[in-house]
Amino acid sequence: MTPGTAPHKVIPIAVDTGTAYGLPAPTSKLTLAQVGAGTPMGELLRRYWHPIGLAADATDTPRQVRVLGEDLILFRDKSGRPGLVYPHCAHRGTSLYYGKVEERGIRCCYHGWLFDVEGHCVEQPCEPELGRARGKVRQPWYPVQEQYGLIWAYLGPADKKPVLPRYDALERLDAGELLEANDASIGGGGPAVVPCNWLQHYENLVDPFHVVVLHSTFSGTQFVAQMAEMPQVTWDTVPLGVRTTSIRTLPDGKVFRRISQAGLPTLRVIPSPRVGRYGRVESLGWVLPIDDHHFRIYVVGRVSEVGELARMRSRMNGKLWEELTEEEHRAMPGDYEAMVSQGAIAHHSEEHLATTDRGIVMLRRLLQQQVDKVQRGEDPAGVSFDPNEPPVVFDAGNYIVEQA
Amino acid sequence: MTPGTAPHKVIPIAVDTGTAYGLPAPTSKLTLAQVGAGTPMGELLRRYWHPIGLAADATDTPRQVRVLGEDLILFRDKSGRPGLVYPHCAHRGTSLYYGKVEERGIRCCYHGWLFDVEGHCVEQPCEPELGRARGKVRQPWYPVQEQYGLIWAYLGPADKKPVLPRYDALERLDAGELLEANDASIGGGGPAVVPCNWLQHYENLVDPFHVVVLHSTFSGTQFVAQMAEMPQVTWDTVPLGVRTTSIRTLPDGKVFRRISQAGLPTLRVIPSPRVGRYGRVESLGWVLPIDDHHFRIYVVGRVSEVGELARMRSRMNGKLWEELTEEEHRAMPGDYEAMVSQGAIAHHSEEHLATTDRGIVMLRRLLQQQVDKVQRGEDPAGVSFDPNEPPVVFDAGNYIVEQA
Amino acid sequence: MTPGTAPHKVIPIAVDTGTAYGLPAPTSKLTLAQVGAGTPMGELLRRYWHPIGLAADATDTPRQVRVLGEDLILFRDKSGRPGLVYPHCAHRGTSLYYGKVEERGIRCCYHGWLFDVEGHCVEQPCEPELGRARGKVRQPWYPVQEQYGLIWAYLGPADKKPVLPRYDALERLDAGELLEANDASIGGGGPAVVPCNWLQHYENLVDPFHVVVLHSTFSGTQFVAQMAEMPQVTWDTVPLGVRTTSIRTLPDGKVFRRISQAGLPTLRVIPSPRVGRYGRVESLGWVLPIDDHHFRIYVVGRVSEVGELARMRSRMNGKLWEELTEEEHRAMPGDYEAMVSQGAIAHHSEEHLATTDRGIVMLRRLLQQQVDKVQRGEDPAGVSFDPNEPPVVFDAGNYIVEQA
């Protein structure tokens with residue numbers, strides 16, 4: 001004690017720790033999240049075919065679609081050929097949304113230029129001789145194909161166009177099965193268009209633990225009782241994605257082995273979480289990045305009757321997502337609430353990944369490798385240029401093993 | 001064949017051409033499109049008077065107007081003088097939209113400062129002696145005039161203020177004719193405020209071919225049968241704009257000669273496309289750029305009875321634009337759909353102009369010349385400082401010539 | 001006259017002055033207006049406690065609040081402790097808005113991580129042993145306290161956390177009085193959330209003249225007759241704000257002395273403008289900057305019965321703000337209209353301050369001094385670290401003096 005000062009009591013004040021003061025601005029792994037033309041992931045995604053509509057969406061009424069951040073017009077000429085074109089007419093930019101579909105293509109409303117499904121200008125009605133120079137004009141377009149009840153588009157460099165893959169799960173039908181396509185974003189947990197980045201959903205595919213919490217203990221058993229058990233999980237990086245194997249021992253001593261996969265580039269290879277029957281995966285889904293902040297899901301499945309897929313959409317208390325009140329969304333959140341509330345693009349800088357997030361780490365690494373390949377001028381995994389390429393086989397399914 | 005390699009068949013794959021992959025980001029001729037203060041076109045437009053409201057819009061209830069990207073308050077003091085002032089009170093910025101109009105001007109609601117139609121501060125009621133220094137305060141204002149039932153404003157440099165032009169077409173009335181003003185954007189094909197850049201509509205004025213497609217073969221005959229015939233068209237750059245002459249030979253062998261003009265800076269000198277009678281142009285219109293992404297049209301015409309102009313608004317199946325469903329807009333698109341869907345500002349970099357677009361090329365060139373003149377410190381075409389300037393004469397009209 | 005030229009008459013044309021042409025783009029005193037983390041004023045405001053909700057707002061249903069530009073989740077665990085946390089779960093970013101409140105804290109819906117009110121992660125249910133490393137994870141949080149029926153939060157640096165002030169006006173109750181808290185933004189003249197910068201309202205507190213115009217002669221007597229008299233006003237900078245003294249001589253010769261204060265950092269120390277009784281100030285208010293463009297007001301007052309504060313909200317013709325038509329808002333504007341129409345942030349560069357704005361000048365100077373202090377590493381006025389700090393005393397009130 002300094003001489004001459006009175007004794008005084010020092011009250012030690014605990015200083016708060018861990019407060020939000022000074023929290024750095026969050027950042028996101030944009031290299032993996034952004035899908036626009038010219039971005040790393042956008043260029044990777046543009047090396048694959050993507051479903052952009054149901055076959056029934058291509059009609060003689062032009063339809064606006066947004067794919068990988070690009071606005072496009074989908075139609076089907078009166079010869080039956082689907083077409084996907086840049087919306088602004090090559091002449092003066094009026095949207096072909098207001099165009100008229102004819103035998104040979106789509107005609108702009110403003111001055112009547114007519115384009116076929118490959119963008120060739122076949123008529124300029126106000127010009128002499130219907131346009132002597134019309135052959136030099138091209139409406140930007142993208143190639144499309146129909147398969148499994150969906151319209152598929154390739155938005156990448158023309159000389160890198162792969163063959164449209166076929167899938168064993170959809171080629172080999174059991175007795176009484178038929179294929180059905182659905183565009184309601186089954187598996188997204190909400191409406192057809194989900195307002196957050198596609199990667200948030202794609203990562204969710206390698207996360208079997210959220211099923212136990214979000215879909216079971218937290219919001220009530222949304223699927224079936226056996227999914228509420230905490231599983232033993234292993235992940236593998238396989239040539240076409242990251243495979244998740246979840247093992248649960250059932251009350252009767254049997255072992256329930258569930259294998260699912262996040263397939264390159266956007267595939268949902270997810271056996272039914274309702275486990276109505278054991279066996280190989282019943283349906284495949286494709287996450288379509290609409291733009292950086294929205295995605296939707298197309299699903300094709302083997303069903304026993306038409307309408308079966310539509311009945312797979314999640315219900316809470318018997319209600320579809322859009323029928324629930326805000327109060328109910330909060331009391332029984334699902335994938336939509338969990339993922340959309342991560343933000344339009346999740347803040348990766350703020351994450352604390354744990355042992356149960358190993359699949360996500362592996363999936364990001366795999367995606368980054370594919371991005372790097374494309375940047376180096378190589379082809380990413382899973383693209384083939386061989387028209388005789390056999391169907392892709394996945395080993396996903398819900399299986400019962402008599403003994404672990 | 002290299003020794004040791006097996007023979008193999010090469011399948012030549014046709015590589016797609018003209019796809020949208022790699023399409024450059026579109027650009028626009030902003031020098032001609034943008035209208036804000038300080039922009040090249042904005043400064044050109046600010047060298048002319050513009051209609052900013054009907055005479056009846058200036059009342060003792062302050063009215064918000066947006067002109068060339070500037071928000072302003074229009075009112076009429078209780079002495080009858082119209083005023084146009086900057087919205088934020090010179091004192092502390094409260095909007096004069098909430099002001100009270102009095103004999104001497106407009107009073108701000110917050111502290112009661114009173115401004116006359118030329119922005120002089122004539123009272124500061126909370127200040128000693130009603131504001132000893134009030135003479136130093138000026139509410140920013142613009143000069144306005146009334147003519148032809150419209151309020152005209154000059155938003156340019158004070159020392160360049162031209163005389164407000166008069167027009168022969170509106171000064172010389174035939175027996176039984178009277179003048180009528182209208183603010184419903186007649187000719188815009190939609191609602192009063194059209195959400196795209198003004199230039200898209202202005203260019204449409206020198207494009208007689210779209211009438212044949214958009215307004216005839218595509219959406220059904222919106223005007224009259226003779227307008228559906230493909231015309232012989234010539235364009236001239238005249239001192240006050242670009243003039244279009246369309247010649248059509250009628251079934252009876254007579255020649256229908258239609259002359260219209262895009263007048264500087266924003267004039268629609270368009271004879272009625274309904275061709276109710278032959279003769280000189282019946283009405284004049286002014287395209288008012290509200291801001292870069294919106295415009296509206298004021299029209300003054302010689303009519304035989306009040307309300308005649310309002311009945312000129314386009315109808316499809318008897319319905320006004322706002323009464324049509326989205327389905328009907330798509331089945332019968334008009335100027336609104338054609339122009340708004342070009343984008344908020346058209347993508348000029350993506351255009352493919354053809355021989356029938358010659359008028360547009362000439363009009364852009366004329367506008368660029370006027371922009372350049374102003375940039376060089378010269379006066380643009382059509383401004384006059386002579387209070388005795390005679391009315392402007394246009395030779396526009398629908399005429400019948402017995403022989404071509 | 002030059003030889004050879006004919007005589008001519010020069011008409012002198014008056015050139016307009018003071019027009020809005022060339023008006024510079026407005027600027028704002030962002031140093032005083034902006035409230036975000038890292039901004040000068042934002043850091044000053046973060047050195048004080050702010051009310052962020054009613055005590056009743058902290059429940060087991062998580063509530064989204066926005067404070068100083070930060071989005072946060074307010075809740076009360078089932079042990080009764082209020083908590084305020086960063087919305088995005090430290091694990092993978094799902095919002096705790098969808099969390100479940102438990103005895104020990106709030107649980108994220110996605111994978112069930114559980115955080116206490118100080119952000120400690122107390123459970124990771126999918127991880128081995130409920131998360132061996134969970135002790136390293138912290139959900140960003142802010143300290144909160146309850147007082148006077150409000151939840152108070154401190155968003156500043158942990159080592160600068162002051163004691164939560166108490167106020168004599170709310171500690172010393174007269175017979176029959178009780179405290180009541182209100183979150184309806186009483187005094188803001190509009191709805192609970194006012195869409196403009198907080199400073200516009202805060203400055204209004206040292207502006208007794210607007211009462212005479214805005215609330216009396218302009219929109220009708222909104223308060224009481226004596227407030228419509230033009231007062232004699234003096235302002236003083238006092239240690240805790242700027243004090244305004246308004247003197248009015250009443251018809252009976254008595255002197256009405258009204259003292260109010262804008263207290264640091266956001267306090268409304270405003271005696272009732274309805275002057276129901278004379279005496280010391282009845283209530284205190286705190287302006288909460290929600291973000292740069294929105295604020296709200298919390299008020300605590302001594303009342304004689306519950307509900308008395310709610311009845312203090314302004315009415316025009318018997319109607320609350322939200323019950324008035326646009327026409328009525330324009331005919332009888334109040335603080336909301338005057339301040340919101342200044343802009344989201346007022347254009348300070350365009351102001352013309354007069355002698356009656358002296359209080360505003362003084363208040364801005366005081367705020368700037370406090371900002372400067374914080375920037376220099378000093379403590380701003382009015383913060384105390386002494387847990388025995390006595391209640392703050394204000395001399396505000398409506399007083400009658402027998403003689404001036």
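**Exercise 1. Find how much area chain A and chain B bury between them, and which residues of chain A lose the most.**

Solution. Chain A and chain B together bury about 3400 Å², and carbon and sulfur atoms account for 55% of it; buried area here is the accessible area, taken with a 1.4 Å probe, that two parts lose on being put together, summed over both. On the side of chain A, the residues that lose the most area to chain B are Arg92(A), Tyr98(A) and Tyr110(A), which together make up 23% of what that side buries. The contact itself, which means heavy atoms within 4.5 Å, joins 41 residues of chain A to 40 residues of chain B.

Before going on, note that this is a predicted model, in which local features need pLDDT of at least 70 and side-chain atom pairs count only at pLDDT 80 or more, while totals for chains, interfaces and linings use all residues. Residues are numbered from 1 along each chain as its sequence is written, chains are lettered from A and ligands numbered from 1 in the order in which they are written, and side-chain values use heavy atoms, with hydrogens and water left out.

**Exercise 2. Count the salt bridges between chain A and chain B, and describe the one that involves Arg92(A).**

Solution. A salt bridge is a side-chain nitrogen of Lys or Arg within 4 Å of a carboxyl oxygen of Asp or Glu, and by this rule the count between chain A and chain B is 3. In one of them Arg92(A) pairs with Glu203(B), with the closest N and O atoms 2.9 Å apart.

**Exercise 3. Describe how chain A meets chain C, beginning with the contact and ending with the elements of chain A that take part.**

Solution. The contact takes 40 residues from chain A and 41 residues from chain C. Of the area that chain A buries against chain C, 22% is supplied by Tyr21(A), Phe218(A) and Arg330(A), more than by any other three residues. The interface of chain A and chain C holds 3 salt bridges, and in one of these the side chain of Glu203(A) meets that of Arg92(C) at 2.9 Å, N to O. Helices are DSSP runs of H or I with at least four residues, strands are runs of E with at least two, and both are numbered from the N terminus. The elements of chain A that give two or more residues to the side touching chain C are α4 (198-204), α5 (209-218), α6 (326-331), α7 (335-340) and α8 (358-375). The largest share of that side, 6 residues, comes from α5(A).

**Exercise 4. Which rotation superposes chain A on chain C?**

Solution. When the copies are superposed by least squares on the C-alpha atoms of residues with pLDDT of at least 70 in both, a rotation of 120° with 0.1 Å of shift along its axis brings chain A onto chain C, with an RMSD of 0.0 Å. That is the relation of a three-fold axis.

**Exercise 5. Locate Glu129(A) and Pro265(B), and describe the backbone at each.**

Solution. Most residues other than glycine have a negative phi, and most peptide bonds are trans. Glu129(A), however, has a positive phi near 55°, and this residue lies in the loop between β8 (121-123) and β9 (141-142) of chain A. The peptide bond from Leu264(B) to Pro265(B) is cis, with omega near -5°, and Pro265(B) belongs to the loop between β15 (255-263) and β16 (267-269) of chain B.
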